[in-house]
Every structure is written in C-alpha cells, then in structure tokens.
Amino acid sequence: MNPQNLELCSKLISHSYVKQGTQARVSHENKIKQLLQHRKLPEEGWDDQTIELLLQELSIMDSNNFPGNCGVGEREGRIASAIVEKRHYRLCHGIGRSGDITAVQPKAAGSSVLMKLTNSLALDIIKFSGINLASSCFVVPMATGMTLVLCMLTMKLRRPNAKFVLWPRIDQKSCFKSIVTAGLQPIVIENILEGDELRTDLEGIKHKIEELGADNIVCIMTTTSCFAPRSPDRIEQISTICKEKDIPHLINNAYGLQSSKLTHLIQQSARVGRVDAFVQSLDKNFMVPVGGAIVVGFDKNLIEEIGKSYPGRASITPSLDLFITLLSLGSKGYKSLLQERKELFIYLSNSLSICAEKYGERILQTKNNPISLGITLTLEDDLKGEKATEIGSMLFTRNVSGTRVVAPGKDAEVSGHLFKNFGSHSNNYPYSYLTAAASIGITKEDVDVFVNRLEKVFLKIKSKKSENIPLIQKDGEILQPEHKADHVDAVR
C-alpha cells in the first residue's frame, strides 16, 4: 500500500498494528528491490509469499490487467478459463516482439521485466556453475532440439554458402534431426572405442574438414552430456580446431550444466579455442516442466542475432517456471543440489558395482562421463539381442524409469540415415548394457530402490534360466532330463 492508504488504515485500526504490518511488507519489498537493483540470484531462496507478491506486482503492469482497459486488437491477453489465468499469474502476453524474442513489449511491461530478470538470473547461475567467460544468454520456449535448430539457422545466415554440419555420433534422435530440420547436411563422425569408452575421433574430424573445405561447414556440433558408454566430446581440442579453421562451434550441453566437470570443459574450450554457443535444457538442469532451453554464448552480438532469428513472440511459461524456481532455491539451494548430485553419482557407481559383481556383471569403465553409468548385461551369455532389452521392460513395470538397455543388432533409420546398432553410439560396441544416471534432484532413496529392484530382476532372470532345462532326444524319442521331477516340484 502507498503511504496515503496506510494512513487511512490507521483510522480503522491501531497505528501500531499498521506500522507492524508495514514493516513486514517492507522486508518483502527490500528483497524485490535487491533483485531489481543487482539482477543476481539471491543467496537464500525466497518464500512463496515474496515470489507471489512480485509476480502480482509485475502482472498488474501488463495492459490486459489495467482497470478499464479497452482492447480492440487481435492479441489482447484475453483468457477464457480462470484456472488458466491463475496458473499463469495473469501474465498473458508472452515475451518479445515479432522481430526479437528479447525485445520489450509496450503492452506487457511486467512480462518484459520478468523476461529480462530471468535472463539475468540464468546468466548469473551459468557463471557460478563454472562458465565465467559467458557474456550473454536468453531463455527460449523450446526444448533442446529445436533450440539447436535456431542456433544453426543463425550460423547459416553468417555462412550462406555452407551446408554441412560435422557431428560426432550420439544416438539420440533429436540431436541428429535438429541438423536435418535446419535444412543442413549432417556428416556423422563415428566414435573410437578406448577400453569400454567411446571417444571423439579427432583425426576423423580433421579429415572431413580437409575433404569438405572449412568454408562449406556451417558448424561442428559437439555434445557434453550423454549416455554411457559414450563420453563427452573432446570439446577443448575441437574448439582449438574450430579457431584454427574459422569454423563455428555449437555445443549441445543438454544436461551438462549440473556437472562441474562439464562446465569446466566449456570454460576451458572458450578460453583456448572457439565456442560460439552452447544450449542446455531447463527441465534437465533446473527441475521445471519440459519446454524450455537456454542459449548461451561468449559473443553478445551472436546471441543477439540468434534471439532475433526467433520469429514472433514467445510463451512466457518456461521463463516464468525458471524465474520462480531460481528464486525459490537461491544460489545456496542450487549449489546444494549440485553437490548432492555429485556425491550420489559416486554412491550410485559403488552400489551398481556391488550389484553387478554379485551377478557376474561389471561397471563399464567410462571415467570421463560424470553423470551416466553403464553395466554389462552378459548374465553368462544368457541374454543377447531382444532378450537383453527385456530387462528394461521388467524394470519399467517395477516403476523404474530412466534406465536404458542397449543390445547389439538393432539398426534404426533417422531422417534417411541408417544407424547401425542404434542406441550404442557405435557400429560395433561389444556389449549389451544398461545405463542409469545420477542427475540433479536424485536422492539416496532413488538409488537404493533402483538397485534393489534391479537385483530382483536379475534373480528372476536367473530363476527362469534354471527352469529352462533342455529336453534330450534319442532316436526320435524325448527323454526326461535328470532331476526333472525335482525341478517340476520346485516350480509348483
């Protein structure tokens, strides 16, 4: 309330009560003042009441919430459902303008302030996550794949005669499809097997640059966060090649922001070589609903160009979700989640190792992957091909989500390109395996329950094997195997 209204309240109740209430409100407003002043993530997370007060204040600044507003245009922020209106805190105009996703909207001053603040908080959290050289970023209301498309199309505008994208293979369809959707030609660089680990073929990249010509390459798109046994690309070395050959470098950092090891790789790559932009998912790094990503770069002009490449206005929902989440956590809360994830990765590795050894399996040695782990699925050679993938189904029916079972022999065609042994990131990976990840938000209970249920699946498979005693034929007559009666009784 303004001073005049507070004075009027004093005519209704005791002035001391009004003063006490005013002081409480001032404590909320001071937090908001600090945020607007410094545009940095607060160390301590905010309570819901302060966050909702700020959102209410911002929404009042949008034209659709003006008292007596008369809207006669085609986009007036009208909402038919009260539930939808409440869900979005009456912030209905979205962000940006038709020519720039980061531009201010005259009709939506509050939404524009929220968008600018969210981008500032995102850059702040990226810097304290380890990428101090980052200079600019913005939130995009698209998941990682389409955001990569936006980046590549902008890079294409700078290199109109180029058409190729060099891409060290990672078997996730959206990554490959993003290149095709951008109207570009993917050049797949197969990985090299080093022990259990799949690493980047640097010589293969250099050879393709010589073969195609650097001027004909739109960018090299590398990957940091990935499923074991693939490891993060050798982005530091690739960034050096990109700098030397004057080729743009785009990094798919989908869920890598939560790993200090991966953020350090990006920081080093930008320091010694060339990194034009890197993209990360909101849901995978900040535990918000799917539908947003952050584009980050070291050249403000390029990031501004990418923002201007986005056609039309955009949904405010991903920015709003991130804004609320970051204020709720504060820098202290987010750092705590990062540390907990790192510790639970070690715990998951140890727990899986013990479980695997008990059933004749082993952890895949992928020391360069700080998030994902894999264990072999040999089970004394009883599981091969489709049988191995049954483990994934058995875990899913036991309410275990997120694991991946990969077995040799499954090919897949993605946007016209045939991938041999799709899922394994390699034409000839030697093992069937199961992956699990320690990503942000995972708990010790999640790990314990998962390993317990995995053990039960292994036990069930072992028991099936013992039930499957082969029949012996002699002169066309089927003979009962030894101890079959005991076996039947046991099954009963």
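**Stop 1: Lys107**

Select Lys107, which sits in the loop between helix H4 (82-87) and helix H5 (109-128). You are looking at a predicted model. Colour Lys107 by accessibility: its relative accessible area is 29%, so this residue counts as partly exposed.

Now show what surrounds Lys107. Leaving out residues up to four places away in sequence, Lys107 touches Asp62, Ser63, Arg75, Glu76 and His93. Pick Glu76 from that set. The side chains of Lys107 and Glu76 are joined by a polar contact of 3.1 Å.

**Stop 2: the whole chain**

Zoom out. The protein chain has 16 helices and 16 strands. Along the principal axes, its C-alpha atoms fill a box of roughly 105 × 60 × 40 Å.

How much of the chain is buried? Buried residues make up 50% of the 492 residues.

Contacts come next. Take those between residues at least 6 apart in sequence: 72% of them join residues at least 24 apart.

**Stop 3: Leu54 and helix H3**

Select Leu54 in helix H3. Is Leu54 buried or exposed? Leu54 has a relative accessible area of 4%, so it is buried.

Show its contacts. Beyond residues up to four places away in sequence, Leu54 touches Ile32, Leu35, Trp46, Phe323 and Leu327. Leu54 and Gly374 are 320 residues apart in sequence, and 45 Å separates them in space, C-alpha to C-alpha.

**Stop 4: H3 against H13**

The crossing of H3 with H13 is right-handed.

Which residues make the contact? On the H3 side, select Ile51, Leu54 and Leu55. On the H13 side, select Leu320, Phe323, Ile324, Leu327 and Ser328. Colour the set by class: seven residues are nonpolar, one is polar and none is charged.

**Stop 5: H9 against H10**

Move on to helix H9 (residues 235-245) and helix H10 (residues 260-272). Their axes come within 8 Å and cross at roughly 25°. Angles under 35 degrees count as roughly parallel, so H9 is roughly parallel to H10. The crossing of H9 and H10 is right-handed.

Select the residues that meet. From H9, take Ile235, Glu236, Ser239, Thr240 and Lys243. From H10, take Leu265, Ile266, Gln268, Ser269 and Val272. Colour by class again. The contact of H9 with H10 has four nonpolar, four polar and two charged residues.

**Stop 6: Gln267**

Stay in helix H10 and select Gln267. Why does Gln267 count as buried? Its relative accessible area is 13%, and buried means under 20%.

Which residues does Gln267 touch, not counting residues up to four places away in sequence? They are Gly130, Ile131, Asn132 and Leu133. Zoom in on Asn132. Its backbone nitrogen lies 2.9 Å from a polar atom of the Gln267 side chain.

The tour ends here.

Note on methods: Residues numbered from 1 in each chain as written. Predicted model: local features only at pLDDT ≥ 70, side-chain atom pairs only at ≥ 80, totals over all residues. Heavy atoms only, no water. Axes fitted to C-alpha atoms, helices over the stretch in contact; angles between N-to-C directions. Helix = DSSP H or I, 4+ residues; strand = E, 2+ residues; numbered from the N terminus. Parallel < 35°, antiparallel > 145°, perpendicular 65-115°, else oblique. Left-handed = near helix turned anticlockwise from the far one by under 90°. Contact = heavy atoms within 4.5 Å. Nonpolar A, V, L, I, M, F, W, Y, C, P; charged D, E, K, R; others polar. Buried < 20%, exposed > 50% of the residue type's maximum accessible area, 1.4 Å probe, protein only. Polar contact = N/O pair within 3.5 Å; in protein donor to acceptor, adjacent residues only side chain to side chain.
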